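Here are my notes on charged side-chain pairs. Please read them with the model open.

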Amino acid sequence: MADTFNYRIDHHGSLVRPAELLAARAADDPEALHKAQLTAVEESVAYQRRLRSTVVTDGDFPREDFRSAVLDAVSGFRRTEERTADGLPRWVAEALPKANGPLLAGRIADLTVIAPKVSLPSPAYLAATTFDPELAGSGGPASARELGEVLAEIIHAEIELLVSRGVRLIQLNNPLLLGQVAADPAEPGPLSFEDALAVEAQAVRLDVRPEGVRIGVCPGWEAPAVVDQAGAESLFGEVPADRWILPYDKGTAAELDLLRALPEDRDACLGVVDATVPELEDIDTVLARLDAGAEVKDIEDMAVAPSRGFADSAAHPLLSAEDQRRKLVLVETVARYCWGNEF
C-alpha cells in the first residue's frame, strides 16, 4: 500500500497529562476543567510539532482513559466500584448502547491542525470487557456479540463522520486480540475470537474511502511468546484495516512472525521503543530489527511508534513527561535513519 501518505512517525494517542490538567480534574470545576483541557491540548499540539511527529493527537487529555471517548458519550453503561485486570474502572452494559451525538468528531476543531489522528477503543474490546451475563435477563444485552455489533455501528458511524471532517488516520485499540493468536490462546471470555473479528470488521469497513485515509487497529501491547500463524492470518484477513499497529520492541521471533503474517496490501506501524521503561533503546539494535522486518515486509509500507500509549489512564502514566519526550525523539530519529526526510 505504499504511497505518499504514511505518517512514518506515529504514536498511539495517549500522552502524559500535565500536572495543571490533573489538578483541574481533581478540583471538580467543569468550567475550569474545560479551560485547562483546551490549554493543555494547544500546548500538546505545539509540543508534538516541535518533536516533528507526523501525527498530532489531543493526547487523550479531555478523557479519563483510552475507553472514555465511547463510555462517556453513549448511554447504556454504568461505572462500578470494581477494577479490571489492568487497573481501569470496570464498566458494565446495562442496556444496548445508544450514541447521544458524535463521540470525538465535535472536538476536532480544538486541535486547530490539519488531519489530526484520532484513537478510539474498539467495539470488540468494549463488548468483551463490559458484557455482564447476569444483566442479560434484566434489560442488558443478550450476548457479548449483540453488544459488540451495536457498538460497531456506533463506532463505524463515528469513523465515517471523522473522515468527512478531514481526519485521515484513525486507530482502534483492542489490547485483547494478540492473546487470541498465541499458540496457547488466552480464554476468550464472553466474546469468541471469531465474533471479535466479525465485530471489528463491521466497524472498520468503509464503502467509500478518500485518498490517503488509513483505519488502523492495534491488537495488543505485547506479542505472545509464540504466534499461531493461522490465527494471525485470520486476524489480519478478517478485519479489513489498512494499518496494523504491532509491538516490535522486544526483538522476539513472535514479533517478526506477526509482521510476516500481515498481507502485502496492509501497512504496518511498528512499536519499536518500549513505552513502559525509561531506559532508551540502543538505536543500532532498533535499526537491526527494522532491517529484519524489511526482509519480510516492504519498508515503504511501514511506520514507527512507541509500543503503546504513555498514559492510557490519565491517573497512571507509564513514564514521566521527560522520559516520554526522550522516547518520542528516539522514534523520530529512527524514522529519519530509515526514510530520511521523506515524510
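1. Terms first. Buried means under 20% relative accessible area, exposed means over 50%, and partly exposed lies in between (1.4 Å probe, protein chains only). The model is predicted: local features need pLDDT of at least 70, side-chain atom pairs count only at pLDDT 80 or more, and totals for chains, interfaces and linings use all residues. Residues are numbered from 1 along each chain as its sequence is written, and side-chain values use heavy atoms, with hydrogens and water left out.

2. The count. A salt bridge here is a side-chain nitrogen of Lys or Arg within 4 Å of a carboxyl oxygen of Asp or Glu. That rule gives 23 salt bridges.

3. Helix 10. Helices (H or I, at least four residues) and strands (E, at least two) are DSSP runs, numbered from the N terminus. Arg 326 pairs with Asp 323 in a salt bridge, with the closest N and O atoms 3.1 Å apart. Both residues sit in helix 10 (residues 321-339), three residues apart, about one turn of the helix. Asp 323 is buried, at 18% relative accessible area. Arg 326, at 28%, is partly exposed.

4. A network. Salt bridges with shared partners join Asp 10, Lys 117 and Arg 243 into one network.

5. Glu 64 forms a salt bridge with Arg 79; their closest N and O atoms are 2.7 Å apart. Glu 64 lies in the loop between helix 2 (30-50) and helix 3 (68-71), and Arg 79 in strand 1 (residues 74-83), 15 residues apart. Glu 64 is partly exposed at 27% relative accessibility. Arg 79 is partly exposed at 38%.

6. A buried pair. Arg 67 and Asp 65 form a salt bridge, the closest N and O atoms being 2.9 Å apart. Both are buried.
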